[in-house]
Structure formats: C-alpha cells, structure tokens
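Visitor: Please show me the model, and then let us go through it by question and answer.

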Amino acid sequence: MSETPAAQACAGSWTQPWLAAPLKALQELNARHGWSLCAAELRAIQAHFTKIQREPTRAEVETIAQSWSEHCKHKTFTSPVALREGKSTRRYKNLLAETIMAATRKLKAPWCLSVFQDNAGVVAFGERWALAYKVETHNHPCAIEPYGGAETGVGGVIRDVLGVGLGAKPVLNTDVFCFCPPDYAGELPGNVLHPRRTLTCVVAGVRDYGNRMGIPTASGAIFFDEDYRFNPLVFVGTVGMMPADAVISAILPGDAVVAVGGRTGRDGLHGATFSSASLAKDADQAAVQIGHAIMEKRVLDALLKARGQRLYRALTDCGAGGFSSAVGEMAARVQGKGGARVDLANALLKTSDLEPWEIWLSEAQERMVLAVPPKNLKALGELMALEGVEVCALGEFTSTGRIDVRYKDERLVDMDLDFIHEGLPKSELAALWEPPKQDPCALPRADGARCAEILRWAVANLNVCSREWVIRQYDHEVQGGTVVKPLQGLHHDGPGDACVIWPLAVTEDPSDFRGFAVSHGINPALGRLDPYAMAMACVDEALANVACVGADISQAALLDNFCWGSPKDPRQLGALAKAAEGCRDAALGFETPFISGKDSLNNEYVEPKGRANPIPGTLLISAVAPIQDIRKAVTMDLKGPRNALYLIGRASGAIGGSLLAEFLELSGGALPEFDAKAARDAYRRLGLAANKGLVLSAHNLSEGGLAVAASEMGFSGDTGVEIDLDKLPKARDAAGEAVLLFAESPGRILVEVATACEKDFLKALRGILVSRIGMTLANPVLRVIGLDGRILLEEGLRDLKARWQKTLPEKLLVALPGQNRGRK
Amino acid sequence: MTKTNGKDQGNLLIQSRGNGKTAGAATYVVEVASKLGFNDAPGIALLGQMPSIGVCGAREVRVSSLYEITGRLSHSQMDILGRGLLCDPITQEFRLDLSASSSAFLIGPHWRVEVWFRPQVTDPVGESVCKAVADMGLPEPDGVRTGTAYQFVGRITQSQIEKVVAKLLANPVIHRTKVAQL
C-alpha cells in the first residue's frame, strides 16, 4: 500500500510552487497525485492563480481536479467535436447538448419534470407522484475489487435517487453487466481478475447491497464478449418515487451546510479523477471502498422522515469527490451568486489522523449533504438520532460567489465558483468515423438439419442463455410490488422482457393500479459494425421490451449510458459521436425523450509496452414507461394451445452483428434498415391492445431472432409452436429460411392472441404491419414449416430449454448440492 | 502468541487470546461454522470452483466466519455474544479457542486459510457488530474486525493452496491472508 502514489502524497507536505513552474514540472505533479489533468487544464489553473497573484493550496488543486474530472463534468461529451465522416465534417459546439439533450428539448414532453440537471431524471407518475430514474456505471472500481466496487456502485446510485429534488424513495434496482465469458482460458496479466471471479463477486455485491437495503433488484441484462476481459462494465440503476411537490428544491443563503450519515475516513480518495484515467498496471488502490448497506438504509429512512417534515431545503449525495463535489455543486445552486463557507474541523471523522485536504476530498460512502434552515437544525438532529444517524453542521451557504473552506484557522480553499465550474478550458476534439469494410457475403442457405443445429447452438449461447443463477440471488420481491417478475412463465423460469412494478409501498393506495415497466437495450456486437445502428437498435429494444408487458410507450422516458475507450483516439470518439447521433434520431423517431445519462470513458487496458486494448463501444439504453393498469400486464410465456401467433414488423436479410453471423463466422454483414416511426406506432398500439386484454403473451425478437423468441415463449409456457415461414412478411432480400428464422431485424414482436380475440386485435392494430404466422400447439415442440410447405424442423422444447438453462451454471462451475464429500 | 493485526506474513494461525481475568481490553477471535449435517454453501461452492484453476485434490472444504473483538469483555460475556449474536444456535456453532474440539470444526490434518480485511479498509459488518454488542447491554467493544476461515481437506500442496488464495479467496487490494497447515 505504502508504495502507491496516493499514499506518498498523503505523507509528503505541500511545498510545490505553481506560478513559476514549467509545464513539465506540473505534469510530473499531476502524474504523482493522480489528478488526471491535461496540459491545457494545468496551464489554465496556473494562469488563474497568476492572475490572483498567489500559489494554489493543495486542496484547491484537488478541488479543481475533481470538478473538472470526466466523472463530474463529462468534459469529453460536452466538448466541441469535429466529426469527419468520409469527405464531410460536422462540427458540434457541445456534443451532448446538440444530440441527446437537443432531442429532449425538441420533444418538449410535459410529463418530464426534471431532465439532465439534478442527480436523476424525473418524470410524472400520475398527478400526485413522480418517478426518478438514474443509471450509472462503476466500472473501474469493479475491475479492481468486484465485490466492494459493485456494492458501492449500487449504494451510490441509490443515493443519487435519494438526492434528487427533496429525495425519492427507491423502489427498484437494476443491473446490467458486460463481462468476458466466464470460461475464458486465455492469458491475463497478474493484476486482472479472471472473469468468472469478477462476475460472481459483482453479482454478490449487487445482491448484498440491494437485499440489505430492502430494494428489489428485478431488471437487468448481461452481455458477454472477450473484449471486456480487462475492463468489465457494471451498470447499476435505481428507480425512486417521490411526491410531485418534492421535485424542485432551492437553497437560500444562510442555510446550514449539514453532512449526515457515515463518518469521513481515508477511503476512496481520487475516485473522481480515477475515472478520467485508464487502467494501467499499477492502479491506484486508494480508490477502493467497501459499502455499508445498513448505514445507508438508516440514512434513507431518516431522510424520508425529514423530507415529510420539510426540515431541509435541498440535498445531494456525497459521491465521487466527496464534500468538495457535493458542497461545490450545491453552492452553485444557491439563489443569487451562490457560495459556501465551511469549516472542516466540524466534520465527524473515522480516524483522527486525516489531513484537512483529505477530509475535503474523501469519498467515504453513505454520506449526504443537506441545506438546512438554521431554525430546523435542532429538530433535524433529534430526528436523525432516532434512526442512529450522525449529523454535523459544517458551515453555511452564502451569496459571495466564492467557496471558502477552512480547517480551524488554516485556509484550504478560497476560490471563485465561476472558475471551478466554468474555467475548464475547452478545445475542439477530432473525431473520425469510417464504416468498416463490408465483405459481400452470400446469404446462407441451410436445410432443416442445419437450421436445427443453429437453433440448438443459439439457445445455449452465452448471450441468450438463462440468467436464472444470477437473478435468483437477488431479492426481487421485497416491497411486495413486483407484478411482472424477471423470470416468467408456468415454472417461473422464462426470460421476461421487462419487469413491472406496482409502487404500492410508496403510494399506499390499493385502489390505484398504475405501475411502471423498466427495461434495457444493449447490443455492442452491432456497435462494432455501426454505432449509429447500435443506438437505434438499443432504443428499439428497450422500448419494445416495455411494450411487450403492456406499458404505454407514448409516455416512456430513456436513459443513456456510454462506456467507451479513450476519447483521445479520433476513431473511438467518432464512434461515440455516431452513437450519440443515433440516440438523437431514435429519440425523435420514437418521440421518446432522454431524461438522464452518464458516460464512462477511458475503458481500456494499456499494456506495459503501450498497446491499448479498448472495450467495444457500449451503449446501454434504459427505458421506463407507465402502465395504466398492472392487472392487465402481459408476460412472455405462451398461455395455451390453439391460439394464434402474430408477428409485428418485417424481417430483412441483413444479418450483420447477429448470432447467425457469429455462427457462420461472418465478421461484417449488412445492417437492417429501421423505421423508428413505424415501430413507435406498432408499440403504442400493442400497449393499447394489451390494456384491452387482447394480448395473451408478447415477446421481443432480440438475439437469435424469431426462432429463439418462439422457443423461449414456448418452453416458458410448456406450449408448442408452429410457424409457417411462408406467412412471414419479408423484405425482398430475406430469402433463405435460416435468415428468416435467425435475422435480428429490430422492431419485431411475437404476440399470442386467443382466436376469439383475433378480430379485435387486428382492429386495434389497424395500419400496422402485423401477420398471422402460426398457432400454438398442445405438444411442446417448435415446428417450422419451410417455404416449400414441408416441415423444415421440429425440435422438442424441453430439450431446448435444458440447453438454454445449463450454459451459465456450467461455465460458472456452480457446484450442485451433494458434491462436498464427507459432509452429507 | 501471534499478533492478529500487525504484519501478517507469518504462517502461524491467529489464536484467540481472550482472558476474562485481566482488567484491560482483551482481544478475542470468535469462529462461527455450520454444524455437521447442515449445508455449508460457501464451502460447496468453493470446492466446485477449485478444479477450474487446476486444483483437484481437495476432498472437502469448510468455511467459517471470524470476528476479532477487542474490548473490555469477559470470557462469559463473549460466550453470551457467541451464542446470542454471532451464531444461529440451530444451524451453527462457535468457538473462542481454536483448540476447542467439536464436530463443526475439523480435527484431522488440514490446511487453514484466514482472510481478513486490511486495517485501513472499512469493515461494515464489524461496525454493525460493535453497535449490536452495545444494544445487547454489554460494554461496546473498541473495535470488531471480520474475516473468513477456509479449511481444506485432501491432497493439496502449499503452492496449490496459495493459488486458491490468490485466484479465488482474497484480493490483495483489500485483504491480508494467513495460511497454515494443521
């Protein structure tokens, strides 16, 4: 431990002159202290302090470093970007504002209550309530210490939702992972954990924190690819509920700066600046923390009580950057010029040997910062004491426009808020997008036996197979509102598209049957070929999933999470910009706004010799949509024999990025064209039809296309399926039977309708491309009629299900009971 | 006597050093394990994982929880703690002394690995135990640190055990470990 740069920095005192220092000396300092500042930023700091004619203190530089970090400022995403594509160049002054945020601005959805400004996005839920949703990543900590990293990730996103407006009560946790396959047998450097271990420990961390907090973890996804072997991705999300009048908060000068919750210790210094750095061989160990769910639960309960009594005016979570970030952000929100005056001698500490700057920067977990009117301080202290939560008043918010931090008589920080929040120098970043070369690949022709082989391989594929081993570790039932569960069907083991939550635990009104559905879309395989198409497909998948359970996508909201390699590489940045453009166009096409987002860049492993291994550009789209009556929610399992099967949408012959392409070992492949407007209309109508009780089951066609979706619906309901490929609406290029069965064209949903309801169903979907492609059978088989009218394949669903179920436990080597000999 | 919280390179085992007769603060190590016949899920899981890193000789693995409690507590008060707080008396047993023999703890030759948090790492379970002890009306301990003990029976060499520790049990970023052959 003592060899790490952070530890050296702790020990050495601050005697570094800045004003006269040459850039090289500053860069050396930067590397030693792990600030992750670039040359232009170091010069800007030097210029600022030259102007005010004094040396910066250590705490000041640290404050600036974390405020300007990728984690807090999203500096790449908000930078000017010149995107060169072919011979043309598009210029963005602020990439995020002109793509994703611009779509939201243009859509002007009245039910979006707070977008892109607070700790989470907030949408209306009926008239009295609001939903807050936030998804973020915790990749770097999970790579180093998976259990603690996952725990603190979950804890952090819960606090984000708790810290939005006046605070929302968490009602659902979500988790999405990207890992290397757990049976990876290749070489890994000594400090990189094996993916099997990363996966099991991350799952354990998410499980323990969510379960101990009493929040259901009911929605998620896992994507496996070997390019995540150095940098696993861990996305955690929380949905919270709050009264509609608690969405907006305001801080007045004179309010006390109050810290509640855990004590401050030396844990997790430099987590924020750490997010700007890529993982090198000697990762900074001080960035690791362990979560304390029970403490956070107490803070949560106490704060919700205090919110009820309006004891505080605003709050925020103490995340990356610690007090410096939380107090700094709140100071900027104070009415008037803003500002804060803080004496760190008032802070409650875990150990007494902390340097003052460490108190200011420590990222100790489970802490919140509140703005409290002085007259309420006593009442707040008493209320917190009842829950066993410690409170300390650090200082007060002011209207001086300055942030003024002392430790007794020692002045640590005395800076203009303007410089901290606006002083970041911006320079135009170069981005380049070149579409990968398309091999003209002949579309595969396959006979029945070959199609059956592909199907058996596809259901057992790591990216399709059952996630039951993971899901069953999570408590997805706590709070009693999980109406549509992550695993569905006759035996509660089918792969649901989305979960539906009935937030009765918050609304306490059993006559109110409104609920909401949450789902995700992720497709890095497609992103390798075309990030723009990936963004479109992800938005489509997330919205199709919530439409499948019967939610109303006309009031859906989206969240984006970008995980990318180094933005210094123009190709990486070009792909990122293309994905952002895809998000914008998908949002406009579906008329669904983005309400919150996050990005994690520099996800690459630099080998000792300097070769960088970036992750595949990964975009996670999360959707939340209201559902008018949870009693009408639909699951994906077939409900019985002799029902009609309808397919919404059209298959194209493009199989780029699909499982079929992987099976055939085609690296390129054409990408399907996608009409977001048509998909939007179809999903809206499907939601309405479900609300009328016309839909028995519905399942989105994702990995493995029609064949896998039909198999999943069949084996989840123990009901057979007969599909006639001749009845499929086809694009001109989709000729082969294998392509019809396995193409992953977006915008398609397979729906089961009772024969008595067919007429009404078709009426409800008038104007939508929907075709009757088959029937359900009593015999549990998947029977496919080929284009020639003969049976192409007939596979037993129980066998397919067994294959689908055993992949993950086998690869994880999860032992079965009774194997511990001598101990029976 | 081995020191529990200092340098940890020694191969000797942490020993319980409780002595209710001294007036000052004492340090005890409480070990909690599932009774013979009850499912030891972490042990079964670990046994299943070991072949994946090429360690196949193990016949049995047992996992127990460790609590290092420092405070002004007597031996009989520690007994109350063990029974009433740290173990589930139906499915688990505890011991304050490594030499205490019971069917829940291995007697024959085996490898023993202990994994503890490094001193500077937050130990939430330890903090909760501290509070819980006070809630039981006993003197609040000065500190509680938690750890895990793994016991391996079978044909395993020292280097194999070290491989298991490095690949499956401990992360040097937050853990320190001790290995001993008993």
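Visitor: How many helices and strands are there in chain B, and which pattern do they follow along the sequence?
Guide: This is a predicted model, in which local features need pLDDT of at least 70, side-chain atom pairs count only at pLDDT 80 or more, and totals for chains, interfaces and linings use all residues. Residues are numbered from 1 along each chain as its sequence is written, while chains are lettered from A and ligands numbered from 1 in the order in which they are written. Helices (H or I, at least four residues) and strands (E, at least two) are DSSP runs, numbered from the N terminus. Chain B has 4 helices and 6 strands, in the pattern β-α-β-α-β-β-α-β-α-β.

Visitor: What percentage of the residues of chain B count as buried?
Guide: A residue is buried if 20 or more other C-beta atoms, placed from the backbone, lie within 10 Å of its own, exposed if 12 or fewer, and partly exposed in between. Of the 182 residues of chain B, the buried part is 35%.

Visitor: And what percentage of the 824 residues of chain A count as buried?
Guide: Chain A holds 28 helices and 33 strands. By the cut-off already given, its buried part is 60%.

Visitor: Which radius of gyration does chain A have, against that of a compact globule?
Guide: The C-alpha trace spans about 90 × 65 × 60 Å along its principal axes. The radius of gyration is taken over C-alpha atoms, and the globule rule is 2.2 Å times the number of residues to the power 0.38. For 824 residues the rule gives a value near 28 Å, so chain A agrees with it at 27 Å.

Visitor: What is the relative direction of helices H9(A) and H12(A)?
Guide: Axes are lines fitted to C-alpha atoms, for helices over the stretch in contact, and angles run from 0 to 180 degrees between N-to-C directions. The axes of H9 (residues 146-162) and H12 (residues 293-308) of chain A come within 11 Å and cross at roughly 5 degrees. Angles under 35 degrees count as roughly parallel, over 145 as roughly antiparallel, 65 to 115 as roughly perpendicular and the rest as oblique. H9(A) is therefore, relative to H12(A), roughly parallel.

Visitor: Which residue of S7(A) is the bridge partner of Phe177(A)?
Guide: Two strands pair if DSSP finds at least two bridges between them. Strand S6 (residues 169-179) of chain A pairs with S7(A) in the parallel sense over 7 bridges. In strand S7 (residues 217-224) of chain A, 7 of the 8 residues are buried. The bridge partner of Phe177(A) there is Ile222(A).
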